[in-house]
Amino acid sequence: MSYPKRYLITSALPYANGLKHVGHLAGAYIPADIYVRYLRAQKRDVVFVCGSDEHGTAIPIQAMKEGTTPQAIIDKYHFAMKQDFADLDISFDIYHRTSSPLHHETAQEFFTYLNDRGELETKETEQYYDEEAKSFLADRYIKGTCPNCGSDRAFGDQCENCGTTLSPDELINPVSTLSGNPPVKKKTTHWYLPLGKHEQFLRTWILEQHKDDWRNTVIGQCKSWIEGGLQSRAVTRDLDWGIALPSSLKGGLGKVLYVWFDAPIGYISATKQWAIDNGKDWKPYWQDKETKLVHFIGKDNIVFHCIIFPIMLKLHGDILPDNVPANEFLNLEGDKMSTSRNWKLEMRDYINDFVKKENGGGQCVDMLRYYLTQIAPETKDSEFTWKGFQDAVNSELVSVFGNFVNRTWVLMHKLCNGKVPVFHNDLIDDQDKQLIADITASKEKVESLLEQYKFREALYEVIDLSRKGNQYMQKKEPWILAKKLAPLNPPQGGTSESGNMKRSLNIDDTKAPPSEGFGEASSLEGREAAQKSIDNCLHLCLQLSANLTVLIHPFLPNTAQKMLHMMKVVDKILDWKNAGSLKLLSVGYSLREPQLLFRKIEDAEIAEQMEKLKAGLVKAETGSLTAGQAGQKSDLTPQASDLKPQIQYDDFTKLDLKVATIIAAEKVAKADKLLKLEVDLGFEKRIIVSGIALHFKPEDIIGKQVVIVANLAPRKMKGIESNGMILMAEDKDGKLKFINPDEASANGSSVS
Ligand SMILES: [Zn+2]
């Protein structure tokens, strides 16, 4: 089989407006990392690029939410995401960012190249403009009443209350979120990429040439886009956050590239930066037909990577992706992962709760990589459950793979002096032959699955090979043969040692006759035959372990390193060409003592994670609950002495506490715990959603003074944006009382 001259592998650029969760990890990062580690073990020329996507309106919006600047937002999340990937051993050759000058330059050059050749169209349209802020308004910057449900908090792109997709023109009474004024319509010119012109190219390239090697789910989505009619797509927009159009361009002033246009070019600028850093030439990776380009993404990115970016690449004279193995979505405990509902497991949460909590967190990294590959949503949506995680670790990694390696090492130290025993060819039997055949066949099986991006099945094959090792050992029973090696007069206490060994090996020897074996040991030939049989068994089990190291390495790099250490061999053994070999460990070579590869996941650990998940959900639904209440909801009864960790004065001063008066209160539809309150802060009135409906009637609390956290980031509950939180005291019976000044105070008074 011939292979491409070089590979360029990309993982979707994560958007720098928040931390990413394990669904993202399973979709675009772990599969790419497995593939790249496999290619490197094959000694192929490969570059693995990724980086943060830092433009688009969601960045300034996040900045408004967090009360900071867009630059602060991208810095915060770029470095946090980069660290998360590093902590989970995603081995990018470069993790770049689209705010870099090199990327700006690259994207501008790309735009100019297409524009100069007449591949873009310009159109004049009317768009909403805020005269006071002197700014065109992105859809998100326009608020109004939803024509569908009547909510007065719909945005120009979507109503958060009923979920309807909107255009700004559909909003009733639109206002600008920048100034609060009604926007006016103003003429503006934009550049468009006419996708329709390239329909025939897409039909031939995707629906004919790749109909057999791309995933059905990917082909299906492309087909529906193509058949649905390809519209021209605006390449530019009026915004002050993004990549400015080239200054020489007439009419380009004040416009930036649309983020969907600049982001995928980020793969090219990342490759350029990698080449600069490593003294290489980036051009062949994007321009030479002998390069294989593969994009790893989630299904929400298919249109960009299969339709739009390939058109751009074709027009720019670059290579096209050879495959786009997009994954479906990963759900969590029976529900979609959602940031706004706090139903998610962020990579950072797992890193803090598992990886950082113990020495040698590498095994915890591998446990997550294992489970996420085992449930990878390759052909349909799949689901992360903590119970599933525990089962995968305890009953596969620990009981099958880990157990096989550990038994092999313990027995080799007990019965073969810690050295690789010789293999006696004259004694080879059918069981040995079968295991040898299994080892030899595994390389091709795993390889062929990896080349087809079937990571789940490939991992299954590796684990299955270790299962075959266990079955082989179970049939060979070297611990029974060992009894024949015992001296004629066994020393006192000798049985207790073998008892220990059995316990540490978890061996069931109820079938073995208690001590009759010693009778046979009197025959010298019997002892020799037993030793040879043990040698053969452990020789093969050790060669199998070495093979497992090579095969598991792309999936579980930390486990492979541990096994290398136990074998006292260097990384070179990880070369893929070594898989299938029965000569990886030399006879007579002494190996280190075993160390456990994986620990078990305890029931208490998953119970704790489930509680955390539910507590997060309660918090998201009832923004103003006290910590005690949130605990109660998830059956975590707080103790009186449960003080939170100590904080510094500076932490306290970050809170802006103010006196306010409740001026309106009503129940929230379809949420029996929530009240929508309007409070007067003197300098402004605002809406706060509070989880107190079971405790207070709306009509009873109007006019009450309360203390609120005034600078809490806004949060949506049942489609209503809550801007702050009301402080409450909760007694031990769960009764709630407002906190208020002992005499009426002016609204807006500071509390400190
Ligand atoms: Zn609506």
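1. Domain 2 and domain 4 have centres 38 Å apart, taken over C-alpha atoms. Where do the bounds come from? An automatic or database domain assignment, which gives domain 1 (6-112 + 260-327), domain 2 (118-238), domain 3 (362-578) and domain 4 (635-751).

2. Before going on, a caveat: this is a predicted model, where local features need pLDDT of at least 70, side-chain atom pairs count only at pLDDT 80 or more, and totals for chains, interfaces and linings use all residues. Numbering starts from 1 along each chain as its sequence is written.

3. Four residues of domain 2 do make contact with four residues of domain 4 (contact: C-beta atoms, placed from the backbone, within 7 Å).

4. Now to a helix pair. H5 (residues 199-209) and H6 (residues 216-227) pack at about 160 degrees, with axes 11 Å apart. Helices here are DSSP runs of H or I, at least four residues, and strands are E runs of at least two, numbered from the N terminus; axes are lines fitted to C-alpha atoms over the stretch in contact, with angles from 0 to 180 degrees between N-to-C directions.

5. Which residues meet? From H5, Glu-199, Leu-202, Arg-203, Ile-206 and Leu-207; from H6, Ile-219, Cys-222, Lys-223 and Ile-226.

6. For the whole chain, I'd note 23 helices and 26 strands, and a C-alpha trace spanning about 100 × 75 × 40 Å along its principal axes. Residues 24 or more positions apart supply 74% of the contacts with a separation of 6 or more.

Note on methods
Two residues are in contact if their C-beta atoms, placed from the backbone, lie within 7 Å.
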